[in-house]
Amino acid sequence: MEKTKLIISARNDCHLLKGCYIKKSTCITDINGRTLIHFDQLDSTAITAITQATEGINNYYFHTLKNPSHRSKEFWKNFIKHFGVYTRNNLLPFTSSNTASMHNCEHQECVNNLLSSLNPLSICINKFVQEHYKGLYEKLLKLEWGSFAPKLFGIFPMIAINYNTISDFHWDEHDELNSLCFLVALGDFVGGELCFPQLQIVVPLQAGQIVAFSSHLLLHGNFPITRSICHSIVYFVHNTFFHHHRNFSSVYDDFKKGIKRDRKGKITSKLIAKQDLNNSCGLNKFTKLTKPKIEQTQIPPVSSDLRRKQIST
């Protein structure tokens, strides 16, 4: 209830914060010296990487708009996609459906081209973390997610790409509490400032800049984009990547009792084939669309993402 009040208050009063801008490189910490918001300029070596990432994301964005059968539900409803590796409640990390292009294998080449275009920028972000947050860098460097999921973004298991869209005020409750997310904006645009109502701070992020912040602790959202197209990339890590946050007690209990469950978690007496943890071949079915489905062509009435439901289209 308290969080709901804070979100409603932020929506109503965010216009009052437009004078509280951070325009210079700044690091804001709590009383224990832990970073809350770090706004900075990426070094000169990042210019080419930003240009390449912007071109790659623009190509992906317009290609997907022009080819309805290549639109995933996440893209078409929310204009956001997650690439990389999830854990959630699984025993092992797994590649996201967007990365594997599960909705249409014909789209895989486009995904591969996008990920390739992001590689130089990912190297720059990793370098930034290593220089400014050595302890966090070493902590994330030790993360392992097995042979089923590639390391596409260095120390980060996952990225989110926001395609010309903004977020309502929210907390990222699944992000690791003792970590930071790292956000970069791409494009030549006006508006879209990142707002932190609890601290009464606004960050007018532009291409070539980066903001690191505690996405789990801080309420945050965007002002509207008033001109041109703005994409953004968020590098982050979910808390379930750290084993002490993952509860496998029910799995162990089932094993002790000899209980078998199907992939939906229902108890079954059928023989369940054992999975070879060193071979993922044949585990997934490839979907190939020759024409778009209805839901890929009809404009969704509302966003399915709670972070975007209060934003008009």
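Colleague: In which strand does Ile28 lie?

Modeller: Ile28 lies in strand S1, residues 26-29. Strands (E, at least two residues) and helices (H or I, at least four residues) are DSSP runs, numbered from the N terminus. This is a predicted model, in which local features need pLDDT of at least 70 and side-chain atom pairs count only at pLDDT 80 or more, while totals for chains, interfaces and linings use all residues. Residues are numbered from 1 along each chain as its sequence is written, and side-chain values use heavy atoms, with hydrogens and water left out.

Colleague: With which residues is Ile28 in contact, leaving aside its neighbours within four places in sequence?

Modeller: Contact means heavy atoms within 4.5 Å. On that basis Ile28 is in contact with Ile22, Arg34, Thr35, Leu36, Ile37 and Ile201. Its C-alpha atom is separated by 6.2 Å from that of His38, which is 10 residues away along the chain.

Colleague: What describes two packed helices?

Modeller: They are described by the angle between their axes and the distance between the axes. Axes are lines fitted to C-alpha atoms, for helices over the stretch in contact, and angles run from 0 to 180 degrees between N-to-C directions.

Colleague: What makes H5 oblique to H6?

Modeller: The axes of H5 and helix H6 (residues 134-141) come within 5 Å and cross at roughly 125°. That value makes H5 oblique to H6. Asn126, Val129, Gln130 and His132 of H5 make the contact with Lys134, Leu136 and Tyr137 of H6. By class, this contact has 3 nonpolar, 3 polar and 1 charged residues.

Colleague: Is Lys3 buried, exposed or partly exposed, and why?

Modeller: Buried means under 20% relative accessible area, exposed over 50%, and partly exposed in between (1.4 Å probe, protein chains only). Lys3 has a relative accessible area of 40% and is therefore partly exposed. Lys3 is found in helix H1, residues 2-13. Leaving aside neighbours within four places in sequence, Lys3 is in contact with Trp171 and Glu173.

Colleague: Why does Phe79 count as partly exposed?

Modeller: Its relative accessibility is 24%, so Phe79 counts as partly exposed. Phe79 lies in the loop between helix H3 (73-78) and strand S3 (80-86). The phi of Phe79 is near 50°, a positive value in a residue other than glycine.

Colleague: What is the relative accessible area of Asn164?

Modeller: The area is 27%, and Asn164 is therefore partly exposed. Asn164 also has a positive phi, of about 50°, although it is not a glycine.

Colleague: Over how many bridges do strand S8 and S11 pair?

Modeller: Two strands pair if DSSP finds at least two bridges between them. Strand S8 (residues 194-196) and S11 pair in the antiparallel sense over 2 bridges. Asn222 in S11 is the bridge partner of Leu194.

How values were computed. Parallel < 35°, antiparallel > 145°, perpendicular 65-115°, else oblique. Nonpolar A, V, L, I, M, F, W, Y, C, P; charged D, E, K, R; others polar.
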